[in-house]
Amino acid sequence: MRRNILSVAAGLVCIALAAGCNKSSDTPGATSSSTGGAIKIGEFASLTGSEATFGQMSHHGTELAIDQLNAAGGVLGQKLELHTEDDQSKQGESKTIAKKLISRDGVVALLGEVASSRSLEAAPVCQENKIPQISPSSTNPKVTEIGDYIFRVCFTDPQQGKVLAQFAHTTLKAHKVAILTDAASAYSVGLANYFRDAFTAAGGQITSEGKYSGGDKDFSAQLTSIKGENPDALFVPGYYTEVGLIARQAHDLGMKAPLFGGDGWESSELVNIGGAAVEGTYFSTHFSPEEKDPVVEKFVHDFQAKYSVTPDAMAALGYDSAMLLVDAMKRAGSTEGPKVRDALAATKDFPGVAGKITIDPQRNATKPLVILQVKDGKFHLVEKIAPQ
Amino acid sequence: MIEFLQQLINGLSVGFVYALLALGYTMVYGILRFINFAHSDVFMVGAFCGFYMGKHVPAHSLGGGLLVIVLTMLICAALGIIIERLAYRPLRGGSSLAVLITAIGVSLLLENVGQLVFGADPKYFPELFPAKVYVSSSGLRVSSNQLLVFVVTAVLLFALQWIVLRTRTGTAMRAVSFNAQAASLVGINNDRVISFTFGLGSALAAAGGILYSMNYPSIDPYMGILPGLKAFVAAVLGGIGNIPGAALGGILLGLIETFVKGTRFSTYTDAIAFGLLIVILLFRPAGLLGKFQVEKV
Amino acid sequence: MNRFKMILSAWPKAILLALLAGCYLFWLLSNRLNPYYLAVLINIGINIILAVSLNLINGYTGQFSLGHAGFMAVGAYASASITMFVGPKVLGSAAANPLNPGTIALFLAALCLGGIAAAITGFLVGAPSLRLKGDYLAIVTLGFGEIIRVVFRNIDSLGGALGLNGIPSYTNIFWVLGTAVISIYVVLAMVHSTYGRGFLAVRDDEVAAEAMGLNTTRYKIVAFIVGAFFAGIAGGLYGHYTLSIDPKGFGFMRSIEIVVIVILGGMGNTGGVVAAAILLTLLPEFLRQYEKYQMVFYSLLLIILMLTRPQGLFAWKRRARPALRA
């Protein structure tokens, strides 16, 4: 009996110690303006887990922006403090994290997330507390529909689908396209739908549609069926993790039709996994480090200096989200939620590294897409397509 | 017709890998009457061993590839024996629920440590063997890696049958699976036999891991979960505890899965595997080749 | 019998009402509390309901179920469908106000229907369990959990892979704590009744129980139904708290998290399970900077617990009959 009480007591002591160790600023209540000291900006990203590569790049971009801004003196006479939390690519964490950052840490704005599902979790909390949220790269249209405090600095999937349909028609000269969708990913299903609608509206024909689940390794069954219908091109709106294998198996099956996809393809691992099979394939994304633009070149140079890797779209958008937020604070002359929100909504032609950002009435950014092609194991800029 | 034959080839190559994995499950169940949840993660460790070793071995070489397979099998056999020694043996004879929970714990441990060490994002598995695609006149395509799966699995299956039926250790294994107490009474060292079984099963899982990764060269710490569960279904399908049954079950499941993937129900493939398990357990729990065992009070 | 138990068994209903009143008072005062702490408390409450309901199936009846998250999913989707699609039609604009009596009635109805849907699922899952023991049962329940998840992922009217979002925010601390109290009460009352001895008998020795004339089939099914019912309600509360649910969140890992709580608390030890639920919800919050080691810690915890203290961390009753003995 005594032993058991001791073990419970030991457990409670551990909790107390852990609570004490944890840095906490115990200011209850959601005050959205920060008092003298630093301006606290919250960020949540998938730093670990299945989408760690996306979250880490996005975080690097944001971090770089904050560091540069602080080196230049901060904003409104104060330094910026970035509070980052890891949502582990898990569902259910983002809401608690948002509450923690807003109510306990007292952030004035929230940056995040890459995945639309996790942005959707946090958005109601931000909206309720009148804290502006900027998503760097969530492309599902539902995210900004949650409320007028939710913004994004990237294009949406309907736009991406339209542009890709146009690309397939004009550049690939494909009139019959097959689609292979990741049915487990809302992003993939959504993008496939938007592409299909735009492509058929422009007179194209979808020969067949195959489905797989994220995590699958074997697509030969679906590809064999698709090959039988003889499409001009194959659209794969999924993630690089499966696209590499799909390309390989398509190649092994003797499929000659070119493959193309969306921004989920972007990762250095695509070339590793896909090897020679992804040579010549195309995908759309938000940013190309090759662009001959002084803003882009400076960003690429600074990013490489700090992190020793070339930035990708996630990094660029993470950077832009932080920069835009601070620019809005400058224009509003304050960090108060409603004022910053209004300044964000009024953004016009903000020079982001991933393109000029103008926020439309739905709080989305009308941005051009870049089409990249895999050549010699690297991504090369093919064309930049502005939205209609 | 060509399409059907092509699907057949694809299905067989997946099925043979399931067969290799299923053997490990069935052998351990036959002796200890428990499902080694961690088996699927030994499969994963085997794939990663192959990944790291593959960097130090010239690509596209037959000798290099074989060396990697053999070494990986040895390493994973050792891993399996260690796991048994540390996590399962202390609980032998006790509640089977406790061992089950421990097995789940070991499985999770391997996956999550793997995630910490290897990173969660998929890695590209190196090309160990020379890769060629053979095209028949009618358009059927078989890759050399697929052929390797057939050959290596067949060799391992025969080796296993030989060990189990013709060696003293194999006979000891069968004796322990019939009646552990009686086996120890006639002088068999149960502990050693059990360790050997785990080692053997883990070696097969490792080989399966490398063969699987050669055909689907994207590896990540969670890659073992689904193949492991499907291999278990295969083992049950063939009759748990029955070695030829496991092989048969694996091949059958691979074929079923591939044909389902070609239909419009492709997203339900995993659910169908589980559904099959439930159906088997309800209507023919002994599986295709197993014998129904009466539960003694 | 110790004094605590004597008091509990003397006026159980009075104590239940007193506790519920306490929850209500707590809710009235909850505005003073930092929303983050409130969120953590809600998480704790939901985990308590999940763990206590799983404990009925795993701990008291000895049926090792690994698919509890599936029941949670059914409850979440079912209740969300009602509040999202039926609510506005019936209540109109009043549906937006969580304190409106009509809305409260709708929410309670949605929760209960979600619980019933989950209970039906529990029956479907439990029925095959009649023929299966131990390991097989674990895998089959795991399989069912995965099947449920895959099915929801393929239903487009329920959001498909993106799931449902824009679920009205009806959950508050009163509902969560109140349901937790009720679930603990129901499970304890069931198990400590004369009828309830049957659950323990099924767990301890099923063949002997059958030989004594107990309908083991019925006990097992009842355990699954009741356990699933509360898991479904927990799912509904969860859905109306996170306002956004998707199939990925109800997978095997979620089931494992609940299983770890039950094992840590001691299978068949409701008090211990509640304590474990609190501990394992708070700990990750405090140790957020070590979040990436969380699953490694859980898995080591499972192994070490089984090897050294299988009756769980909080087994303090000498005369208790836990499912696992050291």
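A:Asp349 is partly exposed, with a relative accessible area of 44% (partly exposed lies between buried, under 20%, and exposed, over 50%, using a 1.4 Å probe and protein chains only). This residue sits in the loop between helix H13 (337-345) and strand S11 (350-352) of chain A, where helices (H or I, at least four residues) and strands (E, at least two) are DSSP runs numbered from the N terminus. Its phi is positive, about 55°, even though A:Asp349 is not a glycine. The model is predicted, so local features need pLDDT of at least 70, side-chain atom pairs count only at pLDDT 80 or more, and totals for chains, interfaces and linings use all residues. Residues are numbered from 1 along each chain as its sequence is written, chains are lettered from A and ligands numbered from 1 in the order in which they are written, and side-chain values use heavy atoms, leaving out hydrogens and water.

A:Leu76 also deserves a look: phi is near 55°, a positive value in a residue other than glycine. A:Leu76 lies in the loop between helix H2 (52-71) and strand S2 (79-86) of chain A, and is partly exposed at a relative accessible area of 40%. Elsewhere in chain A, a cis peptide bond links A:Gly112 and A:Glu113, with omega about 0°. A:Glu113 belongs to the loop between strand S3 (109-111) and helix H4 (116-129) of chain A.

Over in chain C, helix H3 (residues 35-60) and helix H7 (residues 173-191) pack at an angle of about 20°, their axes 9 Å apart (axes are lines fitted to C-alpha atoms, for helices over the stretch in contact, with angles from 0 to 180 degrees between N-to-C directions). That makes H3(C) roughly parallel to H7(C), a label for angles under 35 degrees.

Key
Angles under 35 degrees count as roughly parallel, over 145 as roughly antiparallel, 65 to 115 as roughly perpendicular and the rest as oblique.
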